[in-house]
Amino acid sequence: RQLTSAEFQAQLQAEFVASGEIPLTYHLSPPVVSRFFRTRDGSPKKVAVGPWLTPVLRVLASARGVRETALDPFRYTKDRRLCRSLLVEFEATVEEVLKRLTPQLHPTAVQLLALPLQVRGFGHIREASAAKA
């Protein structure tokens, strides 16, 4: 959504594109493409895409309301399945912590429930941070 916001686009235009310094290029690693393009170490390689992608990104950003519904075209991707499983695991952990919570266990509970905050990124980055957490 940030890539397609009017403010961000105006900032890009003002700083780089309008001055002719840098043409607008998105560097992305979508799951469909990253299956075929890999770096030497096996991680997904980013693909450079031109400004023609901006309208497509706007459509995807505006379709956020269909996320996790039957209309979501990405709901079965590996990344989304991981998100759902992490959410289910977190909810179960919260319930278990609340059952056993005492003043003595409070600091441990806070540390335990803060672990999901370490899960960041997308794709292979999210997988690695989820495994570490």
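User: Is W52 buried or exposed?
Analyst: In this predicted model, W52 is exposed, because its relative accessible area is 60%. Exposed means over 50% relative accessible area, buried under 20%, and partly exposed in between (1.4 Å probe, protein chains only).

User: Where is W52?
Analyst: W52 lies in the loop between β2 (47-49) and α3 (54-62). Helices (H or I, at least four residues) and strands (E, at least two) are DSSP runs, numbered from the N terminus.

User: What should I know about the numbering and the model?
Analyst: Residues are numbered from 1 along each chain as its sequence is written. In this predicted model, local features need pLDDT of at least 70, side-chain atom pairs count only at pLDDT 80 or more, totals for chains, interfaces and linings use all residues, and side-chain values use heavy atoms, with hydrogens and water left out.

User: And V49, buried or exposed?
Analyst: V49 counts as buried, because its relative accessibility is 15%. V49 sits in strand β2.

User: Which residues does V49 touch?
Analyst: Neighbours within four places in sequence aside, V49 is in contact (heavy atoms within 4.5 Å) with T25 and Y26. The C-alpha atoms of V49 and T25 are separated by 5.6 Å, although the two are 24 residues apart along the chain.

User: New topic: where is R80?
Analyst: R80 belongs to helix α4 (residues 78-100). R80 is buried, as its relative accessible area is 15%.

User: Which residues is R80 in contact with?
Analyst: Apart from neighbours within four places in sequence, R80 is in contact with R67, E68, D72, F74 and R75.
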